[in-house]
Amino acid sequence: GTYVTYLPYVVAEVAPPPLPPPCLESWATYAFYWLLRNDARQQHGELICDPRLVKAARMRAYAQPPGGISHCDTLGLCANIYVRRAGFPLPSWYAVNGNNVESIMAGTADPVEAYRALARSPSHAVHLFGQNDFFRQQNYIGIALVEVPANRYQWVWIILITGKGAESGE
């Protein structure tokens, strides 16, 4: 299928960089990243795109149940497991099978529409903008937008923002 990507029309003093971070897979995910990074509410500091998180986000999008969206797949495997399986070293004290890292949006391929919906949600805003001490320390990001025809919403966005485990050695 085809879709149209609408890049944001934003009046601001911050100009986007000429090229997206190489680990973002589409202009739509880059537009979402740019909006998030340049939002005045942003408290994460630098948001560093990590290809392992993009991979985990894409896998999470494809694993959404056909009837909707969930932080766990139909087998009960949740976001933290997907991130670790993609090779990203989460802090050891994060839940083994839980969600310390993920925001989900579905039903549109438009990055501005997806961004606005998530930013308006208090429970997602705290994660996306780092609005508490726990989330503020997280500065690694991966974003995926996937068309999932079997899902009732068709388009699924997964935004993973997390910290890295001290034991990672990176």
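Analyst: Let us begin with burial: a residue is buried under 20% relative accessible area, exposed over 50%, and partly exposed in between, with a 1.4 Å probe and protein chains only. Helices (H or I, at least four residues) and strands (E, at least two) are DSSP runs, numbered from the N terminus. In strand S2, Glu102, Ile104 and Ala106 point one way while Ser103 and Met105 point the other way, and all are buried. S2 spans residues 102–106 and is mostly covered, with five of its five residues buried.

User: What kind of model is this, and how are its residues numbered?

Analyst: It is a predicted model, in which local features need pLDDT of at least 70 and side-chain atom pairs count only at pLDDT 80 or more, whereas totals for chains, interfaces and linings use all residues. Residues are numbered from 1 along each chain as its sequence is written, and side-chain values use heavy atoms, with hydrogens and water left out.

User: How many helices and strands does the chain have, and in what order do the elements run?

Analyst: The chain has six helices and four strands. Read from the N terminus, the order is α-β-α-α-β-α-α-α-β-β. Of the 170 residues in the chain, 51% are buried.

User: Which strand pairs with S2, and in what sense?

Analyst: Two strands pair if DSSP finds at least two bridges between them. S2 pairs with S4, residues 155–162, in the antiparallel sense over five bridges. Within S4, Trp157 is the bridge partner of Met105.

User: Which residues have the most contacts inside the largest nonpolar core?

Analyst: A nonpolar core is a set of buried Ala, Val, Leu, Ile, Met, Phe, Trp, Tyr and Cys residues joined through side-chain atoms within 4.5 Å. The largest one here has 29 residues, and Phe32, Leu36, Ile141, Ile143, Trp157 and Ile159 have the most contacts inside it. Two or more residues each come from helix H1 (27–38), helix H4 (111–120), helix H5 (122–129), strand S3 (140–147) and S4. H1 gives the largest share, seven residues. A second, separate core has 20 residues, including Leu53, Ala79, Ala106 and Ala144.

User: Where is Leu53 found, and what is it in contact with beyond its sequence neighbours?

Analyst: Leu53 is found in helix H2, residues 51–62. Leu53 counts as buried because its relative accessible area is 0%. Contact means heavy atoms within 4.5 Å. Leaving aside neighbours within four places in sequence, Leu53 is in contact with Val83, Phe88, Tyr140, Ile141, Gly142, Leu160 and Thr162. Leu53 and Val83 are 30 residues apart in sequence, and their C-alpha atoms are 6.3 Å apart in space.

User: Is Asp50 buried or exposed, and what does its side chain reach?

Analyst: Asp50 is found in the loop between strand S1 (48–49) and H2. Asp50 counts as buried because its relative accessibility is 7%. Its side chain reaches the backbone nitrogen of Arg52 at 2.8 Å. Leaving aside neighbours within four places in sequence, Asp50 is in contact with Cys23, Phe88 and Ile141.

User: Is Glu46 buried or exposed?

Analyst: Glu46 is exposed, because its relative accessible area is 58%. Glu46 is found in the loop between H1 and S1. The C-alpha atoms of Glu46 and Gln138, 92 residues apart along the chain, are separated by 9.5 Å.

Key. A polar contact is a pair of N or O atoms within 3.5 Å; within protein, one must be able to donate a hydrogen and the other to accept it, and residues adjacent in sequence count only if both atoms are side-chain atoms.
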